[in-house]
Structures are given as C-alpha cells and as structure tokens.
Amino acid sequence: MSFLKKLMVTAAFSAAVFVNAAYAENVKIALVVKSLGNGFFDAANKGAEEAAKELGDVDIIYTGPTKATAEAQIEVVNSLIAQKVNAIAISANDADALVPVLKKAMERGITVISWDSGVAKEGRQLHLNPSDTGLIGETIIKLAADYLPEGGDVAILSASSTATNQNAWIDAAKKILPEKFPKIKLVATVYGDDDSAKSTDEAKGLLKSYPNLKAIIAPTTVGVVAAAQVVTDENLIGKVNVTGLALPSEFKKFIDNGASQAVALWNPIDLGYSAVYLAHDLAVKKEEAKPGATLSIGRVGKVTLDDTNSAAMAPPFQFDKTNIEKFSKIY
C-alpha cells in the first residue's frame with residue numbers, strides 16, 4: 001500500500017472514531033414541558049440534569065412553549081425532529097393532538113416517552129405517571145374534606161381542558177366523591193390554562209358565582225398559587241381553604257398565612273430524573289417497552305409497565321405547617 005493510501009485510510013479511520021465518540025458523548029434527550037416559566041417543570045429539569053450527569057453521555061434540551069397549548073408543543077416537537085435528537089420526553093398539553101407529530105418522530109428513529117401528562121398510546125413508547133391516577137384523585141378531595149367536617153361546596157380550578165393528567169385526576173375525584181366524601185359537593189370545574197392571570201380570573205369568578213364556597217381545589221401548581229393569592233387579597237382566609245397540588249417552595253407563604261391548610265405533591269426532581277433515565281435506556285440500551293417489563297429509574301428504583309405501557313411512581317406527599325419549611329428548601 002502506498003504512503004498516500006495509508007494516510008487516507010488512517011485519516012478515514014480517525015474521522016470515524018471521532019464521529020462515533022462524539023455521538024456517544026452527546027445523546028440528546030429533549031425534556032418537553034407544557035409551558036416554560038413553570039416552577040414544577042423547572043424542578044423536573046433539575047432532576048433531568050442530575051440524571052444526565054449520572055449517566056455521563058447525555059445532553060438535556062429543556063424546552064417547551066410559552067403558552068400551554070398543543071399547537072405550540074407541536075411546533076416544538078417539529079423543531080426537535082429537525083435537530084435529530086435521540087429522544088423526546090414530553091408532558092403533553094393534549095393526549096391526542098400530539099400523536100401525529102410524535103409518530104413522525106418515532107418513524108425517524110427518535111425514542112418518544114411521555115411523563116407527567118400522557119400521550120395516547122399510539123404516540124409514545126411508554127408513559128410515566130408521577131403517581132397512581134385514582135390515588136391522586138382521592139387525595140385532592142381528601143385535602144379539602146379533612147378540613148370540612150360538616151361538608152360543603154368545593155370547586156376545582158384545573159389547568160387546560162385537554163390536559164391528560166388533570167382530566168384523569170378530576171374524573172377519579174368525581175368517582176370517589178359519593179362513596180368516601182358524601183358531604184362534599186363539587187359545584188364547578190373551571191380551567192386556568194396554567195396561566196397565572198387566567199387562573200386568577202377563574203378563581204375570582206368561582207368566589208363570585210358560589211358565595212357559599214368552602215374550598216378551591218387546584219391540581220396544578222400554577223392554579224393553586226393563583227387561587228391562594230386571590231383568597232389572601234380578598235380577605236377570605238379562614239372562610240375559603242385553597243388546596244391541591246403545590247410546590248412547597250412556591251406555596252409555603254400560603255400555608256403560613258392560613259390561606260391553605262395543606263397541599264400535596266410528588267417530588268418533581270425525581271420525576272424529571274426518572275423520565276430521562278427511561279428515555280436514555282430505551283434510546284441507548286435499546287430496552288423494550290412492553291407490558292410487564294420492569295425498567296430502571298436509577299436511584300429512584302424500578303417501575304413495571306401495565307397493559308398500556310404506563311407505570312406509576314410514588315403516592316403524593318402531604319405538606320402542612322408541620323413540614324413545609326423543610327421541603328420548601330428542596331423544591
């Protein structure tokens with residue numbers, strides 16, 4: 001072999017090694033959230049970055065729309081397809097509307113999972129619930145009922161009307177009401193679209209429309225803060241209790257001032273961490289997502305997929321005056 005040919009072969013081999021090494025060092029996992037500027041998702045991103053550091057071969061692309069709509073998320077996913085990411089882990093604004101674009105991503109060889117708020121089975125390989133749906137539905141009602149021994153009127157301030165997780169939790173709550181909480185009357189469900197201004201207006205509307213309202217239940221970290229602020233501003237502390245799902249760091253002041261007696265949540269850091277772990281193992285280790293499969297979520301443990309290729313993490317944890325100080329320093 002001539003010197004020139006040897007040089008060309010060596011150069012080609014070196015280039016191939018460099019490309020393969022670069023690829024191995026840069027597995028791109030997109031953590032797609034419902035909307036940016038949401039403390040819950042910012043905390044989940046901390047977990048995602050923790051998983052990336054632990055795995056050692058992952059770059060996180062933390063992204064999402066400014067407004068919590070399916071249309072805006074579709075644009076984000078199309079951009080990620082063009083970037084040729086290795087995996088997409090999405091918390092969906094609509095279970096069905098995102099299916100076509102996510103199917104396109106999978107057809108291009110991109111691993112797709114949903115987490116927090118799910119996508120229909122056709123549009124993802126697996127879904128990671130933060131907790132059992134029925135348990136969350138029961139918990140959000142119990143948070144209100146525990147402080148209403150005589151019962152009373154309550155209302156739900158949800159995120160968007162198409163949010164998969166919110167709708168599932170509310171349906172579960174409605175089913176459990178007659179059996180376990182017969183004194184609690186659900187008078188209305190309204191939607192703040194995970195927008196602070198709209199959630200504020202919806203909370204004000206509930207208080208005006210239902211003067212006997214005893215509690216506002218918001219299974220959304222944006223809505224629960226907005227409702228508690230309204231109750232505070234309108235001097236209704238002690239008359240209307242605000243509860244639901246809240247980040248301790250954002251909500252501590254409302255436990256302290258009495259606008260809320262207690263709230264609950266799972267650890268969003270663990271949720272983001274686990275979503276990235278699953279996406280990585282499906283994309284890189286070629287783990288198979290199928291019913292009955294048990295998959296690792298790193299330091300959090302393991303999850304087992306059900307017949308819909310879904311799995312659930314831990315039950316919600318309750319925060320009140322006895323413990324919110326401690327957890328507000330964590331997330």
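## Exercises on a predicted model

The lining of the largest cavity consists of 9 nonpolar, 5 polar and 3 charged residues. Here Ala, Val, Leu, Ile, Met, Phe, Trp, Tyr, Cys and Pro count as nonpolar, Asp, Glu, Lys and Arg as charged, and the others, Gly among them, as polar.

The model is predicted: local features need pLDDT of at least 70 and side-chain atom pairs count only at pLDDT 80 or more, while totals for chains, interfaces and linings use all residues. Residues are numbered from 1 along each chain as its sequence is written, and side-chain values use heavy atoms, with hydrogens and water left out.

**Exercise 1.** Describe the protein chain as a whole.

*Solution.* Begin with the secondary structure: the chain has 11 helices and 14 strands, taken as DSSP runs (helices H or I, at least four residues; strands E, at least two) numbered from the N terminus. Next, take the extent: the C-alpha trace spans about 95 × 35 × 35 Å along its principal axes. Then consider burial: of the 331 residues, 54% are buried, where buried means under 20% relative accessible area, exposed over 50%, and partly exposed in between (1.4 Å probe, protein chains only). Finally, consult the record: an unreviewed UniProt entry annotates residues 29–286 as "domain: Periplasmic binding protein". In the model this span is 47% helix and 20% strand, and its end C-alpha atoms lie 15 Å apart.

**Exercise 2.** Locate the largest cavity by the residues and helices that line it.

*Solution.* First, count: the structure holds 1 cavity of 30 Å³ or more. On a 1 Å grid over the protein atoms alone, a cavity is a set of points where a 1.4 Å probe fits but cannot get out, and lining residues have an atom within 4 Å of a point. Second, the largest cavity contains about 150 Å³ of space; points are joined across faces, edges and corners, and the volume is the space filled by probe spheres set on them. Third, 17 residues line this cavity, and Phe40, Gln166, Pro219, Thr220 and Thr221 are the closest to its centre.

**Exercise 3.** Identify the residues with the most contacts inside the largest nonpolar core.

*Solution.* A nonpolar core is a set of buried Ala, Val, Leu, Ile, Met, Phe, Trp, Tyr and Cys residues joined through side-chain atoms within 4.5 Å. The largest has 90 residues, and Trp115 and Phe251 have the most contacts inside it. Helix H10 (residues 268–283) provides the largest share, 10 residues. Another core lies apart from it, with 19 residues that include Ala30 and Val119. Leaving aside neighbours within four places in sequence, Trp115 is in contact (heavy atoms within 4.5 Å) with residues including Phe41, His127 and Leu271.

**Exercise 4.** Is alanine 68 buried or exposed?

*Solution.* Alanine 68 sits in the loop between strand S2 (58–63) and helix H3 (70–83). Its relative accessible area is 13%, so alanine 68 is buried. Beyond four places in sequence, alanine 68 touches Lys34, Ser35, Asn93, Asp193 and Asp194. The C-alpha atoms of alanine 68 and serine 35 are 5.0 Å apart, although 33 residues separate the two in sequence.

**Exercise 5.** Examine the phi values of aspartate 116 and lysine 286.

*Solution.* Most residues other than glycine have a negative phi. Aspartate 116 has a positive phi, near 65 degrees, and lysine 286 has one of about 60 degrees. Aspartate 116 lies in the loop between strands S4 (111–115) and S5 (126–129), and counts as buried at 4% relative accessibility. Lysine 286, in the loop between H10 and strand S11 (294–296), is exposed, with a relative accessible area of 65%.

Note on methods:
On a 1 Å grid over the protein atoms alone, a cavity is a set of points where a 1.4 Å probe fits but cannot get out, and a pocket is an open set with protein on both sides within 12 Å along at least five of seven lines; lining residues have an atom within 4 Å of a point. UniProt positions are given in the numbering used here, feature names are shortened, and annotations may be inferred rather than shown by experiment.
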